[in-house]
Amino acid sequence: MSVARFDFSWGDTEYHQETLDNLKTAVKNTKKLCAVMLDTVGPELQVVNKTDRPISLEADTLVVLTPDQEKEASSNLLPINFSGLSKAVKKGDTIFIGQYLFTGSETTSVWLEVTEVTGEDVVCLIKNSATLSGQLYTLHVSQIHIDLPTLTEKDKEVISTWGVNNNIDFLSLSYTRHAEDIRHARNFLSKLGDLNQTQVFAKIENVEGLNHFDEILREADGIILSRGNLGIDLPPEKVFLFQKAAVYKCNMAGKPAVVTRVVDSMTDNLRPTRAEATDVANAILDGSDAILLGAETLRGLYPVETISTVGKICAEAEKVFNHDFYFKKAVKHVGEPMTHLESIASSAVRAAIKVKASVIICFTSSGRAARLIAKYRPAMPVISVVIPRLKTNQLRWTFTGAFEVFF
């Protein structure tokens, strides 16, 4: 793997610090670089089950969602962490509850239909029987605006402590809905020393983010297509259309497109399904830059095999990727006149293709030139030689440039 994602939707800072310390040891042992991505919680709605007892929900019965977290979760009452749900939903709306990062199996996740709103409580009809086990379940309301900040106070606390202490390379901004969300996050990072160099990736998880995709793409450093939640917000037959359109726009903008939820079955199985293997390959052929794994490596039985399998599929797909066609398409999209840097980057790739170069070496201080070269997808590797910048505060000299290594 090349990036380790630390998801603060669950687990405390001590747990994630232990994992990061293990990562640092692994980096030292393997001599392979691995960037650190902090994934925020954002306006995520959760069912609060303070006991470890499983909750059985029966189809065609009623369950009440209440913001009173002091009450105990049961088969007819589920406490949630949001007091504004009753104001956001109406009769007939659809609500999905599932174990965090789970596959959406109909035996461990449940669909609800709102039948009545009583004060702050929401009464729902259970559409399928399921058993909720564990302490953390997320709640997703289909195509409904949730009036919560994208970067919460909890997120800010984690970033300003754990994030600063560990010099995070990437920030995954969950539930990005507007370009202003990115600007707000970037402004917050700019006040935290070296984190002003941290790249902000917008995580698109609902229709609201979809509707503002173009403006979000202009502000973000990269896009994560969270297909799990999007698959709930969108009809299944529409998900692939958004994925292809979003990846194309990211490619033409020269910004990374990351696809999630590709081999869910490998959480419990040694091999992916044929459909999953094809899905991974098609994502690469469409122009995706990275595959983000979740449950498969978080709590799956075969984390190493999962990364190995997905890596092999990606490598095979890249062997048949039409680099020449992609290059011509990217150049045509940019049009004329090009900026000087864009012209240099595209010309370097064209020359490398013509002479069948083995590698492109790029000297950079900000990483911008290297990213522009990578935008044109040369068939050969791009090696960036980062030129460190020397700074002083009159007491000591420091070198900068570690962040650019990962970009």
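This is a predicted model: local features need pLDDT of at least 70, side-chain atom pairs count only at pLDDT 80 or more; totals for chains, interfaces and linings use all residues.
Buried means under 20% relative accessible area, exposed means over 50%, and partly exposed lies in between (1.4 Å probe, protein chains only). Asparagine 167 counts as partly exposed, because its relative accessibility is 37%.

Residues are numbered from 1 along each chain as its sequence is written, and side-chain values use heavy atoms, with hydrogens and water left out.

Helices (H or I, at least four residues) and strands (E, at least two) are DSSP runs, numbered from the N terminus. Asparagine 167 sits in the loop between α3 and β12 (170-173). Most residues other than glycine have a negative phi, and most peptide bonds are trans. Asparagine 167 is not a glycine, yet it has a positive phi of about 45°. Glutamine 143 also has a positive phi, near 55°, and belongs to the loop between β11 (136-141) and α3 (153-165).

Proline 149 is found in the loop between β11 and α3 as well. It counts as partly exposed because its relative accessibility is 47%. Which residues does proline 149 touch, not counting those up to four places away in sequence? They are Gly42, Pro43 and Arg177, where contact means heavy atoms within 4.5 Å. Proline 149 and aspartate 181 are 32 residues apart in sequence, while their C-alpha atoms are 8.6 Å apart in space.

## A buried asparagine

Now for a helix. Asparagine 229 is part of helix α7 (residues 227-233). Is asparagine 229 buried or exposed? It is buried, because its relative accessible area is 16%. Leaving aside neighbours within four places in sequence, asparagine 229 is in contact with His140, Tyr175 and Glu205. With glutamate 205 there is also a polar contact between the two side chains, at 2.6 Å. A polar contact is a pair of N or O atoms within 3.5 Å; within protein, one must be able to donate a hydrogen and the other to accept it, and residues adjacent in sequence count only if both atoms are side-chain atoms.

## Salt bridges

A salt bridge is a side-chain nitrogen of Lys or Arg within 4 Å of a carboxyl oxygen of Asp or Glu. How many salt bridges does the structure hold? There are 17, including those in this table.

| Salt bridge | Closest N and O atoms |
|---|---|
| Arginine 183 and glutamate 219 | 3.2 Å |
| Aspartate 279 and arginine 227 | 2.6 Å |
| Lysine 319 and glutamate 316 | 3.0 Å |

The salt bridge between arginine 183 and glutamate 219 links distant parts of the chain: arginine 183 is in helix α4 (residues 179-190) and glutamate 219 in helix α6 (residues 213-219), 36 residues apart. Arginine 183 is partly exposed, with a relative accessible area of 38%, and glutamate 219 is partly exposed too, at 27%.

Aspartate 279 forms its salt bridge with arginine 227. Since aspartate 279 lies in helix α9 (residues 274-286) and arginine 227 in helix α7, the pair ties together parts that are 52 residues apart in sequence. Aspartate 279 counts as partly exposed at 23% relative accessibility, whereas arginine 227 counts as buried at 14%.

Lysine 319 and glutamate 316 both lie in helix α11 (residues 303-319), three residues apart, which is about one turn of the helix. Lysine 319 is exposed, with a relative accessible area of 64%, and glutamate 316 is partly exposed, at 47%. Elsewhere, salt bridges that share partners join Arg5, Asp7, Asp39 and Lys203 into one network.

## Two packed helices

Two packed helices are described by the angle between their axes and the distance between the axes. Helix α12 (residues 323-334) and helix α13 (residues 340-354) pack at an angle of about 160°, with axes 12 Å apart. Here axes are lines fitted to C-alpha atoms, for helices over the stretch in contact, and angles run from 0 to 180 degrees between N-to-C directions. Angles under 35 degrees count as roughly parallel, over 145 as roughly antiparallel, 65 to 115 as roughly perpendicular and the rest as oblique. Helices α12 and α13 are therefore roughly antiparallel to each other.

Asp324, Phe327, Val331 and Val334 in α12 meet Glu342, Ser346, Val349, Arg350 and Ile353 in α13. Proline 337 lies in the loop between α12 and α13, and a cis peptide bond, with omega about 0°, joins glutamate 336 to proline 337.
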